[in-house]
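Colleague: Could you take me through one part of this model, slowly and in detail? I'd like to hear how the inside is put together.

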Amino acid sequence: MQFSPVISTVAATIQVAIAPVFLLAGIGGILNVMTGRLARVIDRARILERLHPRSTGPEHDRHVWELRRIDRRISVINAAIFLVTLSAVLICVVVALMFIAELSNLKIGTIVALAFILSMLMLMIGLLCFLIEVRMSLKAIHVRAELLEQDRK
């Protein structure tokens, strides 16, 4: 017996799969932003690593503090990238399962729904990690009072 799906079945499945595919495009944009931030954090770490051995006193303490903060930020943004990438992989699984279910008449709607829900959870947690990293960066970027020269108005 030859397996030959009806073209209308394939077309209908493609139409249903369009929304998750657009979601993948959005996730690609999010990952682009996250990897850009990671690159900038790593660049800053490299600059501080070069300054660290030559610094002393309060300047050295600031470098150590910032390097510790950067190390934590790298961990958080890496977690965000991992979770959002996992979300994208799960969306790909959802699309593949949709085609498998349609072409083989399997009743796996619950599995497809659970994979999509898991994907959304990974995306939400990844975005929360991203938000935490952004907040961490804002807390680290306070201009020191002595540089603001508030007394000079």
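Colleague: What percentage of the 153 residues of the protein counts as buried? And which residues have the most contacts inside the largest nonpolar core?

Modeller: Of the 153 residues, 29% count as buried, where buried is under 20% relative accessible area, exposed is over 50% and partly exposed is in between, with a 1.4 Å probe and protein chains only. Bear in mind that this is a predicted model, in which local features need pLDDT of at least 70 and side-chain atom pairs count only at pLDDT 80 or more, while totals for chains, interfaces and linings use all residues. Numbering starts from 1 along each chain as its sequence is written, and side-chain values use heavy atoms, with hydrogens and water left out.

The protein has four helices and zero strands, both taken as DSSP runs numbered from the N terminus (helices H or I, at least four residues; strands E, at least two). The radius of gyration, taken over C-alpha atoms, is 24 Å, whereas a compact globule of 153 residues would be near 15 Å; that rule is 2.2 Å times the number of residues to the power 0.38. Along the principal axes, the C-alpha atoms fill a box of roughly 85 × 35 × 20 Å.

Now the core. A nonpolar core here is a set of buried Ala, Val, Leu, Ile, Met, Phe, Trp, Tyr and Cys residues joined through side-chain atoms within 4.5 Å. The largest one has 18 residues, and Ile27, Met34, Ile77, Ile81 and Val84 have the most contacts inside it. Helices H1 (7-51), H2 (57-104) and H3 (109-140) each supply at least two of its residues, with H2 giving the largest share, nine residues. Take Val84: leaving out residues up to four places away in sequence, Val84 touches Ile27, Ile30, Leu31, Met34, Met122, Leu123, Gly126 and Leu127, contact being heavy atoms within 4.5 Å. There's also a second, separate core of nine residues, Ala17, Val95, Ala101 and Val112 among them.

Have a look at Glu133 too, which lies in helix H3. Glu133 is buried, because its relative accessible area is 0%. Neighbours within four places in sequence aside, Glu133 is in contact with Arg37, Val41, Arg73, Val76 and Ile77. Ile77 is also one of the residues with the most contacts inside the largest core.
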